[in-house]
Amino acid sequence: VEQLEVFRGGKQTIISARSVVSAHHLPEDLELVDIDARTSKSVLQGLDVFTQCHGASLPMESFLLKPGTRSVCLAALDGDGNVVGTSAAGAHFHARHARCDEAFWGMLATREDRRRQGIALLLGARCMLAMHERHGFEKFFTAVKKGNTPSERLCAQLGLTPNETSVVFGIDPDFFAA
């Protein structure tokens with residue numbers, strides 16, 4: 001069983017994201033890649049392996065790559081083409097839902113040897129701005145494992161605050177042994 005706390009933000013997230021992007025840059029040895037239908041299979045496979053190894057939940061390939069979907073996925077690649085950081089966001093609710101104007105954001109991960117370089121913060125901010133510019137979202141929400149102080153701080157820097165909602169996952173390890 002795992003409990004995650006929900007963080008939400010409104011228009012302030014876009015202001016905060018713009019501020020982060022204007023003040024921070026990726027390290028010079030990294031390339032920012034926007035994942036789309038033109039992304040090579042090797043990068044997609046590397047992204048899949050990376051997110052699985054780093055505990056991030058990557059959206060399904062069809063959700064990321066199918067034309068017309070309202071989603072964004074960004075990756076930072078090193079000079080060898082290896083993924084060192086990710087962020088993604090997507091429309092989570094159907095068009096008639098009360099929260100249809102709010103996007104799920106996060107799926108942040110950074111390779112251990114590249115942490116504390118601002119990669120996750122910058123990718124997260126750029127991802128929010130891309131969702132805003134391409135799809136009109138100004139509101140975002142995410143879920144953070146209770147007590148994950150670095151992620152809580154990152155959310156605060158981007159204008160997301162905890163609310164009274166939790167997400168609880170319960171998985172039977174015998175049923176999902178593999």
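A residue is called buried under 20% relative accessible area, exposed over 50%, and partly exposed in between (1.4 Å probe, protein chains only). The model is predicted, so local features need pLDDT of at least 70 and side-chain atom pairs count only at pLDDT 80 or more, while totals for chains, interfaces and linings use all residues. Residues are numbered from 1 along each chain as its sequence is written, and side-chain values use heavy atoms, with hydrogens and water left out.

**Stop 1: strand β5**

Select M107, which lies in strand β5 (residues 102–110); strands (E, at least two residues) and helices (H or I, at least four) are DSSP runs, numbered from the N terminus. M107 is buried, at 13% relative accessible area. Its phi is positive, near 50°, although the residue is not glycine. Most residues other than glycine have a negative phi.

Proceed to R116, in the loop between β5 and α4 (119–135). This non-glycine residue also has a positive phi, of about 70°, and R116 is exposed, with a relative accessible area of 82%.

**Stop 2: salt bridges**

A salt bridge is a side-chain nitrogen of Lys or Arg within 4 Å of a carboxyl oxygen of Asp or Glu. The whole structure contains 10 of them. Display R8 and E102, whose closest N and O atoms are 2.9 Å apart. This pair links distant parts of the chain, with R8 in strand β1 (residues 2–9) and E102 in strand β5, 94 residues apart. R8 is partly exposed at 33% relative accessibility, whereas E102 is buried at 3%.

Next, select D34 and R134, which form a salt bridge at 2.2 Å, N to O. D34 belongs to strand β2 (residues 31–34) and R134 to helix α4, 100 residues apart.

**Stop 3: helices α1 and α4**

Show helix α1 (residues 12–23) together with α4: their axes come within 9 Å and cross at roughly 130°. Axes are lines fitted to C-alpha atoms, for helices over the stretch in contact, and angles run from 0 to 180 degrees between N-to-C directions. The two helices are therefore oblique to each other, the term for angles that are not under 35 degrees (roughly parallel), over 145 (roughly antiparallel) or 65 to 115 (roughly perpendicular).

**Stop 4: after β7**

Finish with G170, in the segment after β7, which is exposed at 63% relative accessibility. I171 is in the segment after β7 (161–169) and is exposed at 56%.
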